[in-house]
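Thanks for coming. Please have a look at the chain on the screen, and then I will go through it part by part.

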Amino acid sequence: MQGLQYLPQALSSRIETTVQQHPELFELFQDITTHISTLTQPTQTNGNAPLSKKRKLEVEPSTADTFDSIADTSFSIPQRKKLKLEISRNSENGAIRGANATTGEADFGIRYSDVDTCICLPVPEKAQPQYSFCILPTSGDEQLLFSVPGTKIKPEAIHSDQPLDEEQSYKDVVMKLLNKRLKKTRVVEPNEKEFASTITQPHRKGEKAVHVKAFRGSKD
C-alpha cells in the first residue's frame, strides 16, 4: 500500500492486518496514507522550487517599497532565529517580514491584506520586560511570532521615517508602526479589567500578571 513507509512500523502493520480482515477498507486507508505521504514531502512550485521559497517570493515588496526596521529581533514562528524585523511603509501592498540583515532578503512574512489579528502579550517570568507580537492571518497561512524588549530603544538599532523618542521602548515603537500601517485591524493588548492573574511576580513587583501557570504532567 502506497504511503505506509511514512508511518511507524507498528501502525503500518495494524493497517495491513485490518485491510486483510476487511478488504472493503482498502480504498479508505489508501487515500489516508497517500495524503500523509504528500504532507511529508516538500511541495513543489514551478516544477522545482520548494514551498518555502514560494512563500519568500510572495512577501517580496515592489522595488519602490521601503521599510521601517528593527535589528536583531527574536522570531519564534515560523522559525526560531534572529532577523531584522521589517514593517513596510506601503500601507496598501506592504508586508511585515523577517529579513536577513546581511543579504536583505525576506525569510518569511505576511502581507498587511492577509492580517486578521495582531496581539501583543507580555512574556511571563522575565526579569526584564519583553513582549511578544503574534500576527494571525485571515486564512491558513503561516502566522508570525516575534518578541521585542520592553526597555528603552537604542536609536542605532531602529531605522524609521517616524520621529523616535529615546524614552520609548521597543514595544512602543512596534505598536506605533503596526497601528499606523495596518488598515483592517489594530494591535490588541490584555485588559486588566477583563482579566488579571492573582500570581505575584517577585521579579516585577507592582505589575499585574496576565497569565496563569499550568503544568502538563507526564505519565511516568
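One term before anything else: a residue is called buried when its relative accessible area is under 20%, exposed when the value is over 50%, and partly exposed in between. What you see is a predicted model. By that definition, 34% of the 220 residues of the chain count as buried.

Now the overall layout. The chain has 4 helices and 11 strands. Its accessible surface is about 14000 Å², and carbon and sulfur atoms hold 50% of that. If we take the contacts in the chain with a separation of 6 or more, 43% of them are between residues 24 or more positions apart.

Next, the largest pocket. How much space lies in it? The answer is about 340 Å³. Which of the elements gives the most? That is β3, with 7 residues. In total, 17 residues line the pocket, and those nearest its centre are Asp-72, Thr-73, Ser-74, Lys-82 and Pro-149. Sorted by class, the lining consists of 7 nonpolar, 5 polar and 5 charged residues.

Let us stay with Asp-72 for a moment. Asp-72 belongs to strand β3. Is Asp-72 buried or exposed? Its relative accessible area is 60%, so Asp-72 is exposed. The backbone at Asp-72 deserves a look too: phi is positive, about 50°, although the residue is not a glycine.

The peptide bond that joins Ile-77 and Pro-78 is cis, with omega at about 10°.

Another loop to look at runs between β5 (95-99) and β6 (106-111), and Gly-104 is found there. With a relative accessible area of 30%, Gly-104 falls between the two cut-offs, so we call Gly-104 partly exposed. Leaving out residues up to four places away in sequence, Gly-104 touches Arg-97 and Ala-99. Gly-104 and Lys-84 are 20 residues apart in sequence, while their C-alpha atoms are 8.6 Å apart in space.

Pro-163 sits in the loop between β10 (158-159) and α4. Pro-163 counts as exposed because its relative accessibility is 62%. Apart from neighbours within four places in sequence, Pro-163 is in contact with Gln-168 and Lys-176. Pro-163 and Val-173 are 10 residues apart in sequence, and from C-alpha to C-alpha the distance is 9.9 Å.

As for α4 itself, what span should we expect from its 12 residues, 170-181? At 1.5 Å a residue the helix should span 16 Å, and the end C-alpha atoms are 17 Å apart, which agrees. How many of the residues of α4 are buried? It is 9 of the 12, so by the under-20% rule the helix is mostly covered. Among the buried ones are Tyr-170, Val-173, Val-174, Leu-177 and Leu-178. An α-helix has 3.6 residues a turn, so residues three or four places apart point the same way. The buried residues of α4 also include Lys-171, Asn-179 and Arg-181.

That is the end of the tour.

Definitions and conventions. Residues numbered from 1 in each chain as written. Predicted model: local features only at pLDDT ≥ 70, side-chain atom pairs only at ≥ 80, totals over all residues. Heavy atoms only, no water. Helix = DSSP H or I, 4+ residues; strand = E, 2+ residues; numbered from the N terminus. Buried < 20%, exposed > 50% of the residue type's maximum accessible area, 1.4 Å probe, protein only. Contact = heavy atoms within 4.5 Å. Areas by Shrake-Rupley, 256 points an atom, 1.4 Å probe, with all protein chains shown as cover. 1 Å grid on protein atoms, 1.4 Å probe; cavity = no way out; pocket = protein on both sides within 12 Å on 5 of 7 lines; lining within 4 Å. Points joined across faces, edges and corners; volume = space filled by probe spheres on them. Nonpolar A, V, L, I, M, F, W, Y, C, P; charged D, E, K, R; others polar. Expected span 1.5 Å × (residues − 1).
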